[in-house]
Amino acid sequence: MRTLLLAASAALALTVPLAAEEAAKPAYPAPSEIVAAAPASDWVAIAPEDLLVMTLAPDAEGRPRTVVIQLMPAPFSQGWIHNIRLFARAKWYDNISVNRVQDNYVTQWGDPNYDNPEATGKPKPLPEGLKVMGEAEYTAASFVPAGAADRGIRQGAATVTGLVTAGVDVEALAALPEPEQSQKARAALADRYSAFSAFTQGWPFAGEDERFWPTHCYGMVGVGRNYSPDTGSGAELYAVIGHAPRHLDRNIALVGRVIEGMEHLSSLPRGKGDLGFYTAEEAAKRTPILTVRVASDLPSSEQPKFEFLSTDSAAFIRYAEAIANRRDPFFIVPAGGADICNIKVPVRRVAS
């Protein structure tokens, strides 16, 4: 009995310090908790002019399906953005359909009689006033709008969030001499597809040699096109529904991202034709698109309201760091970094 008591006492003596040590460990919030705690001042309202509301035909059980797309800010893809608003306001997108769903790649929609290997009818005439863009416009000379102070690739919040994404100790980096600091920063910011990647205005982007471009992450919306030199008009659009196809960066115009209703595009039946197009026998699988509207053209009571977490904010930097180095209870080993597409910019709907 004495031996058991001594053993129990020893175990208790060990347990108390261990419990105290566990209690003393810092509590690391999950990324979702950081977002939930972000102050209202860190959230940026999305203008209704920058939202597309796409209404699909109801699903098989009669439930409504709506997809909301946020359009890309300047300086990226503005010629295509002009066309997309023009298509929507001309009601050209009404009664088109989803014509292609390729597994782990894209869902694509447009006029089923335009650039479709299974087409049998005449394509819809395009509205007047469309712009024609060159391939040079897949990239921009800056990552901030004209007239704004260009922060450079080694300054400002864009670089800070990029370094945090790469798992870099920003304070330790700042303490290094300038030549070594620049070398380490460039190496940290590089990925397989670009010299660096970071965030600006709430969007992921990449760049090199003073050219910048948005990145093909899950949910991003781009413009379908034919072979070069065609750059697409916006008559055909697609959403990324699989692993980020970054090889498409700088080869196709990205124009926005799905911020609500992504499940309505990612869960559609896959096409059996080339590139995931629906074959003639699969015509019934095409999902009709009833209407597409610029949100600012809807009655005010019907305009959806959204906001995103500013990527210039301290809350976003903490959020990005938490994703790059998960230390909340479920995780065992922090990754030490994160791909630009693994850090989804938080967007939330605002109650009217």
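Predicted model: local features only at pLDDT ≥ 70, side-chain atom pairs only at ≥ 80, totals over all residues.
Which strands are included in what covers the buried residues of α3?

**View 1. Helix α3 and its cover.** Helix α3 comprises residues 78-89. Its buried residues are Gly79, Trp80, Ile81, Asn83, Ile84, Arg85, Phe87 and Ala88. The cover over these buried residues includes the strands β2 (51-56), β3 (65-71), β9 (220-223), β10 (237-240), β11 and β12 (287-294).

**View 2. The length and end of helix α3.** After α3 comes Lys91, which has a positive phi, near 60 degrees.

**View 3. The largest pocket.** The volume of the largest pocket is about 540 Å³. It is lined by 25 residues, of which Cys217, Tyr218, Cys341, Asn342 and Lys344 are the closest to the pocket centre. By class, the lining consists of 16 nonpolar, four polar and five charged residues. Strand β11 (residues 254-260) contributes the most to this lining, with four residues. Strand β11 is also included in the cover of the buried residues of α3.

**View 4. The largest nonpolar core.** The largest nonpolar core contains 87 residues, and among these Tyr93 and Trp109 touch the most other members. Helix α8 (residues 314-324) gives the most to this core, supplying seven residues.

Note on methods
Residues numbered from 1 in each chain as written. Heavy atoms only, no water. 1 Å grid on protein atoms, 1.4 Å probe; cavity = no way out; pocket = protein on both sides within 12 Å on 5 of 7 lines; lining within 4 Å. Points joined across faces, edges and corners; volume = space filled by probe spheres on them. Helix = DSSP H or I, 4+ residues; strand = E, 2+ residues; numbered from the N terminus. Nonpolar A, V, L, I, M, F, W, Y, C, P; charged D, E, K, R; others polar. Expected span 1.5 Å × (residues − 1). Buried < 20%, exposed > 50% of the residue type's maximum accessible area, 1.4 Å probe, protein only. Contact = heavy atoms within 4.5 Å. Core = buried A, V, L, I, M, F, W, Y, C linked by side-chain atoms within 4.5 Å.
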